[in-house]
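Please keep the sequence and the structure in view while reading.

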Amino acid sequence: MSTQVYLAQARASLNSQDCMALYDKWAATYNDEVGDDAQDYVAPVLVAQVALKSSNNPARSVILDAGCGTGLVGQALATGGVKAIDGLDLSNPMLTVAKKTGAYRNLAQADLTRRIEKGDDTYDIVTCVGTFTAGHVGPDPALRELVRVTKRNGIVIATILEEIWASGGFKSEVEKLKRENLVTVVSDELIDYVKGHGDKAVLVVLEKVDRAWTT
């Protein structure tokens with residue numbers, strides 16, 4: 001099956017089970033296909049660069065890679081000197097590939113449409129790339145959960161496919177989190193995503209406000 005077909009099917013997924021089944025099948029060839037010149041999936045490296053710049057000491061930062069897939073973000077973070085990276089993903093075959101990178105401290109299966117089984121204020125930085133796209137994970141409760149597990153004054157860095165940024169409710173959810181004084185919006189800029197397809201995504205950087213978290 002071609003990358004274009006896999007991408008089309010992934011973005012047309014109606015539920016998490018369909019999405020998981022698709023990525024389970026794609027896991028073995030995913031890195032080779034999205035990394036070739038025709039696809040040029042640049043978002044993982046771009047997000048890792050932002051994460052590294054956001055850290056005063058990457059070697060001491062504890063990072064959660066939510067929706068880690070095969071570990072593209074984790075590899076880029078590890079190359080930049082990060083030692084403690086945890087990864088979550090819905091697909092066990094994807095996690096198997098991620099484990100082989102050696103970049104992750106811990107890996108676990110998780111459905112990001114539900115509460116994350118991590119404590120409040122756990123991570124210095126949370127990254128989420130390729131998960132907020134059509135047919136995948138919606139904004140609520142996922143964005144709020146990413147903020148919850150981030151330490152006070154920590155950073156959440158996420159990509160949201162341009163075509164669903166407003167229509168999918170992500171823009172309004174970010175604005176809601178800001179109104180509730182849970183985050184400040186550091187930036188929300190349009191970046192290349194799957195460059196070979198001409199896909200763009202909004203790269204959102206949120207800083208968690210330094211106050212007690214209530215659920």
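A polar contact is a pair of N or O atoms within 3.5 Å, where, within protein, one atom must be able to donate a hydrogen and the other to accept it. In this model, which is predicted, the side chain of threonine 127 makes such a polar contact with the side chain of aspartate 65, at 3.2 Å. Threonine 127 has its place in strand β4, and because its relative accessibility is 0%, threonine 127 counts as buried. Leaving aside residues up to four places away in sequence, threonine 127 touches several residues, among them Val47, Ala51, Ile63, Leu64, Ala66, Val73 and Ile157, as well as Asp65.

Strand β2 (residues 84–89) is mostly covered, with 6 of its 6 residues buried. In a regular strand the side chains alternate between the two faces of the sheet. In β2, Ala84, Asp86 and Leu88 point one way, whereas Ile85, Gly87 and Asp89 point the other way, and all are buried.

On one pairing of β2, strand β1 (residues 62–66) runs parallel to β2 over 5 bridges, and valine 62 stands opposite alanine 84.

**Strands β4, β5 and β7**

Strand β5 (residues 150–161) is mostly covered, 9 of its 12 residues being buried. β5 is joined to β4 by 6 bridges, and these two strands run parallel, while β5 and β7 pair in the antiparallel sense over 7 bridges. Alanine 158 of β5 is the bridge partner of cysteine 128, and in β7 the bridge partner of alanine 158 is valine 204.

Valine 205 lies in strand β7 (residues 200–208) and is buried, with a relative accessible area of 5%. Not counting residues up to four places away in sequence, its contacts include Val50, Ile155, Val156, Ile157 and Val186. Threonine 184 is also touched by valine 205; the two residues are 21 residues apart along the chain, and their C-alpha atoms are separated by 8.7 Å.

**Cysteines and an aromatic pair**

The structure holds 0 disulfides.

| Residue | Relative accessible area | State |
|---|---|---|
| Cysteine 68 | 6% | buried |
| Cysteine 128 | 0% | buried |
| Threonine 127 | 0% | buried |
| Valine 205 | 5% | buried |

Which two rings form the aromatic pair, and is the pair stacked or tilted? The count comes to 1 aromatic pair, in which the rings of phenylalanine 132 and phenylalanine 170 have their centres 5.2 Å apart and their planes at 55°, so the pair is tilted. Because phenylalanine 132 lies in strand β4 (residues 123–132) and phenylalanine 170 in helix α8 (residues 170–179), the pair ties together parts that are 38 residues apart in sequence. Both phenylalanine 132 and phenylalanine 170 are buried.

Technical notes:
Residues numbered from 1 in each chain as written. Predicted model: local features only at pLDDT ≥ 70, side-chain atom pairs only at ≥ 80, totals over all residues. Heavy atoms only, no water. Disulfide = S-S within 2.5 Å. Buried < 20%, exposed > 50% of the residue type's maximum accessible area, 1.4 Å probe, protein only. Helix = DSSP H or I, 4+ residues; strand = E, 2+ residues; numbered from the N terminus. Contact = heavy atoms within 4.5 Å. Phe/Tyr/Trp six-rings, centres within 6.5 Å; stacked < 30°, edge-to-face > 60°. Pairing = 2+ DSSP bridges.
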